[in-house]
Amino acid sequence: MKFTLSWLKDHLETKASLAEIKAKLDQIGLEVEGIDDPSAALAGFTIARVLDAKKHPNADKLQVLQVEIAPGKPSVEVVCGAPNARTGLVGVFAPLGAFIPGTGITLEKKPVRGVVSNGMMLSEREMQLSENHDGIVDLDAKMADKVGQRYVDVLGLGDPVIEIKLTPNRPDCTGVRGVARDLAAAGLGTLKADKKLEGVEGTFGCPVEIKLEFPGGDDTACPCFAGRYIKGIKNGPSPAWMQKRLKAVGQKPINAVVDVTNYISIDRGRPLHVYDADKLEGAIRARLSKSGETFLGLNGKSYTTDDSMCVIADDRAVLGFGGILGGEDTGTTEVTKNILIECAYFDPNRTASTGRKAGIQTDARYRFERGVDPAYIEPGLDLATRMMLDVAGGTPSTKMIAGKPPVKAMSIEFSFDRVEKLMGLKVVDAEIRRTLEALGFVIEGKGPVFKITAPSWRPDIHGPADLVEEVARIAGLETVPSAPLPRLDGGVTRATLTDGQKRVRRARRTLAARGMVEAITWSFIRQGEAEHFGGGAESLILANPISSEMTTMRPSLLPGLLAAVQRNRHRGFADVALFEVGQAYRGDQPADQFIAAAGIRAGAARLSGTGRHWDGKAGDAGIFDVKADAVSLLQSLGFDAAKAQITRDAPAWFHPGRSATLRLGPKVVLAHFGELHPDTLKLLDVSAPAAAFEIFLNALPPEKKKSRAKPPLDATDLLPVTRDFAFVLDKGVAAADVVKAARGADNALIASVKVFDLFEGGNLGADKKSLAIEVTLAPKTKTLTDEEIEAVTKKVTAEVRRATGGEIRG
Amino acid sequence: MAGADLGALETELLGEIASAADLAGIEQVRVAALGKKGRVSELMATLGKMAPDERKSFGAAINQVKTKVSDALDARKALLDKAATAAKLAAERADVTLPVRPGPMGEGRIHPVSQVFDEIAEIFADMGFRIAEGPDIETDDLNFTRLNIPPEHPARQMHDTFYLKTPGTSLTGEKAPFVLRTHTSPVQIRTMMNQKPPIRIIAPGRVYRMDSDATHTPMFHQIEGLVIDETTHFGHMKWCLEEFCKAFFEVDQVKMRFRASHFPFTEPSAEVDVGAEAIGKPGQWLEILGCGMVHPKVIANCGLDPEKYQGWAFGMGLDRITMLKYGIPDLRDMFNADLRWLRHYGFSAFDVPTLAGGMST
C-alpha cells in the first residue's frame, strides 16, 4: 500500500514530521517498508533562465548558454547539446558537484570542446522523472520569477511516497483514509471530516438493469452490486493533480473516469469499475461462471473461467472477474459518452481463490480478498459519481442497487480490565474508551462489562483479545513494562532435557570428539536414492517438490552425507569424515520419524588422523574404523556394545562381506556399520572408498535410573596372570565366538580376553587362519598356583575347541 | 716392598686410570690392579708371610693404595658412564620441528546451528522451559487449522507449503492433507493437547517452505516458545525475550523494539527488532522474531478453556540468530556441508555452552 504525504494530509490534520509519522506507523502495526522522497535526489536542482544562447565555437551541435541561476547575480556559462536550448528558455539547472540521477554522473568542472561548462541544464530523463530526453526541461516562461528556487518546491515534486507493508487483517488500511484514522487514534492529529457530496443523485432511472443471478439465492459470492449511469461525459485525461498522485504511487493514468476509480481505490480502499455503457448488451449481472467461458481482460490477456468463479456478465458474454479484473471489450476510452459505474461487494475467499487460479494480482483483488467495507458501497458509489462529474461532466441517473450490503455488526462483551490482564499494561479507562472510539468502535453500557461494536470496516475484530490489541498497539507496545517471569519451582533450575534429547547432544559431541565434522543435510532427497536406501514409499513423496533432487523424505542420513562427501572431494578434500544427527522417516506417522546418528569416513579420514603423514602410512578408513565409531558412540550413550549381537545382515547398501548390524535381540536394530557397497558409491557418484555407520538413537533401551552413588570398587592386591594362546581355525570362524568360548571357560577367574594377533596365509592353508588371544586371570582371594593356572589353561583350550573346532597352533 | 715402591705403584695405577679412554679400558685397569691376580691383590697376598709388625704397617699402607685406586676407578667410571650416556642421547636427537597430527579434537566440529541450539536450551532451561518436539510431517489440521489459519489463507497454497502425495488422518479421524510443517507452531498444539498448564516449552526443529533464493532455503530451523498459565501476560513475554537476548548475545544491555503486527495464531501480535549494537553494528535494527499472546481460538482448539488460561508464544529463526551472532553471511551455507565452512564456523566438542562458563566462551 503506497500513498504520498500530501495525500495522507487530505485526511489527517497533523503537524507531525515525516519521521514522526514513520515511527508511529511502525508502532501501530502499519510497518513502513520504505519512504521514497523524490526531493532528496532533486534537492540540488534549481530554476534557471537562459539569457543568451550562442553556437559553440568548436562544435556544430553544441551551444554555449549564459544562464541566470539566481536573480541579480552574474550568469554562468553552460555548454548544452539540447536542440531546444534557446534564449529565454526557463529550465532546470544543476550546479557543479551535483549528482545527476539519470546518468549516474557527478558534474565536474572541465572543458567541453575547449569551453568550460559550469553546470548543466537538465532533461526529465536526467532527473529520472520520465523517459523524455528530446530536450531540456522547458518550463512556462512565467516561471522566470522563480529563478534560483528549488525545482522540487516550485513544481511540488517534494511529496514523499510512503509504502506500508500491510498485514492481511487490515483491509481498512488499503485506503489512505484508514491509515489516517489509525494515526489520528494514535495521537498524531485529527481525522478530517468527509465533505458532503452534492448533486450525485440523478433524476432519471438507471437505464442498465443490474442483477444478481445466483441459483437458490446464495449470493455470498456477490451479495450487493450497486451502479449508476452517467450520460454525456467527456472523457479526456484526468486533471494534473490526480495524475500526479496516481503516478507517484505507481499507477498509470488512463482516462478521467478510470483514474477516478483508481483514485478512490487508494483513497478509500474501495475498488470500483466503470463500463462504457454503450458497449453493454442488455442487463449486467454478477453470477458464477460456467466452466470454459472466456473474456479478454483489460490487461490484454485472455482468461477462461471455471465453475467456481464469480464473474460480471451482460446478456451476451462474460465481461470480467468480479472484484479482480474488468474486460477490454466494455472498457472506457477517450470517446466514451455514457458510462455505468460498478460498486459491489465480492466475497474475500472466492476473490482470492479466483485470483490465484487465474494468476492475476490487481489492486482490486488486493482489497476485495482482504474484505472491503460493506457499509461503504453506496457512499463509495456517490463519491465516484461526484468525482466523475467533476472530471468528465455528464448527467447522473438514480442509483440502482441489487442485493443488500452484507453488513454484520460484531458486538463484543468487553471489560476494560482485560487490557491489564493480558498485557500487564495499565491503561486508564478513559484512554481505552478514547482509543476505541477514535478507531470507530461504538461503546454501549455502563460497565464494568461494555458492549463494544466494531466498525464495519474492521472484519478482523472477533473478540476481547482483538480489542486488547487495538488498545495496546495504539498505546504502543513499548509502553508495556517488562515483568520478570516467576520461577516455576523457586530455587535452582531443574534439568529440562529428556533422555532422548541428552542422547542427541551427547552423540554430536562424541562424534565431533572423534574427529568427525557435523553437517546438516536436507530432509528430502532424490527418489532413486531413497529407494536405494530402503525408502521411497509413495507416502513419503512430496506432491510439489522444489526440485527433482528433493522429492522424497529420507529413509537414512547416509545419502545426504555421501553427496556432501563428494562435494567436498570436488573442492579438493580427498579424505572426509562427516556426521549428522537428525531425523529420518519410515512412514508418514509421527512414530515413523526417528533420530539417527550417522557418519561417513571417506578416503583416509581415520580417527588417528586424516590423510598422509610422515609418521606412518594412513590406509583408507574401513569397517573397523566405523565399527570403532559405532561402539564408542554407544558406549558414550551409556550402552555397553558388548551386550549387543553382531550379525552379518547389514542392508544392501553396505559391502556384503565387510559390514554388520548391531542388534539387541532379534527385533531391535541398534546400528549398521561397514564399508559401503560399490553400487552405493556409484549411485551417489562418490569416487573414493567410504565406510559408514548409522545408529538409531530411539532404538537404544531407556537408561536405567541408577542411584547416584556408584557401587564400591572391586579391586584386590593380587597380581593378575596372563596366558597367551594361538588357535588355528577355519577362516569362517568368528573371533567373537573364540573370545566368548575362552571367556566362558571360567567366568569367575577370567577377567578379560583380548585378541592380539590375526594371521592368515603362510603354511596354514587358504581356508585357515590363526587367532591369538591373551587371557587374563584375576584371582580374588589368593595367588594362583601353577596347577590352578594349568587347569584353567586346559579348560580354555577345550572350550575353544568345542565351540569353534580350533586347535592350539603347534 | 718398600714404601717408595708402593708410592710408585700408586702413581702408576692412578695414571693408568686417568688415561683409560672408555669403560673397557677402566675394566682392564681394574682387573690388572684389583683383580684376583692384580698387582695390588698380589701385594695383599704377601701380607700373610710377614711378621706381625711389618704386616701391620705394610697392610695399612697397601690398603690405603687400594682404597685410592678403587675410588679413582669409581670416579673415572662414573665420568665415562656419563659421557657414554651423553653420546647415546646425542645420537638419538630428533627433528623436533616435524609436524604432529592435529588429533581428533582438532579435526572434529559441531555445526553452528547445533551449538546455538544448545545455547538456547541452556538459557531457557534457567527460566524453566522444557524442550518439546514434534514430527516434521503434520496434517494441515495441526500445521494450520488449529492455529487459526483458515483454509483459504495464502500460506496454505502449494507454492508456499510442501504437501505429501498421500493424505493422512487428522486427530479427529478425518482425512487431512499431510504437509511438511511450515513452522514449529504445531508443537504448541501438541503440547497444549497433551499437557495441563502451567506450560513452559521451547520447540526447536526443522521447518520447510517452498522458497529457494539468496536468503531462503526450502528447509531451515525455527525455535518456538510457549508459556501458558492463568496469569502470564505480554509484560512477562517481553522480559523473557529481553533476558534471552542479553544472555544469548552475551551483552549487559540490549535494545529491543516491539512493533504491533499480525499473525493468525496470536492476538495481540508483535514483531521484535534487536538493536544491532548487540552484534557490534550500532545504528541498525534487526528483526529477529515474531511473538504475541496466544489467540483464544488456538487455546480453545487444544481443548483448554480460553477464559481460564492465557499465554504467549514466540518463534524465531534459529539459523538467522546463529548468523547474526556468529557473523555468518549466507544462509545457504548452513546446509552445504562445505568442510572449509564447517571448520571455520564450527565449534569444538569441548565448547559446551553453560550458564557458568558462558555461551560462547
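**Backbone geometry**

Modeller: Gladly, with the reminder that this is a predicted model. Asp685(A) is found in chain A, in the loop that runs between helix 18 (678-683) and strand 39 (690-696).

Colleague: What is the phi of Asp685(A)?

Modeller: Asp685(A) is not a glycine, yet its phi is positive, at about 65 degrees. For background, most residues other than glycine have a negative phi.

Colleague: And is Asp685(A) buried or exposed?

Modeller: Asp685(A) counts as exposed because it has 11 C-beta neighbours inside 10 Å, and the cut-off for that class is 12 or fewer.

Colleague: Switching to chain B, where does Glu250(B) sit?

Modeller: Glu250(B) is placed in the loop between helix 9 (234-249) and strand 8 (256-263) of chain B, and its phi, near 60 degrees, is again a positive value in a residue other than glycine.

Colleague: Why does Glu250(B) count as partly exposed?

Modeller: The reason is that Glu250(B) has 14 C-beta neighbours inside 10 Å, whereas exposed would need 12 or fewer and buried 20 or more.

Colleague: Now peptide bonds: which residue is joined to Pro198(B) by a cis bond?

Modeller: That is Pro197(B), with omega at about 5 degrees; Pro198(B) itself lies in the chain B loop between helix 8 (186-194) and strand 6 (199-208).

Colleague: What about Glu267(B) and Pro268(B)?

Modeller: Glu267(B) and Pro268(B) are also joined by a cis peptide bond, where omega is about -5 degrees, and Pro268(B) lies in strand 9 of chain B, residues 266-275.

Technical notes:
Residues numbered from 1 in each chain as written. Chains lettered and ligands numbered in written order. Predicted model: local features only at pLDDT ≥ 70, side-chain atom pairs only at ≥ 80, totals over all residues. Helix = DSSP H or I, 4+ residues; strand = E, 2+ residues; numbered from the N terminus.
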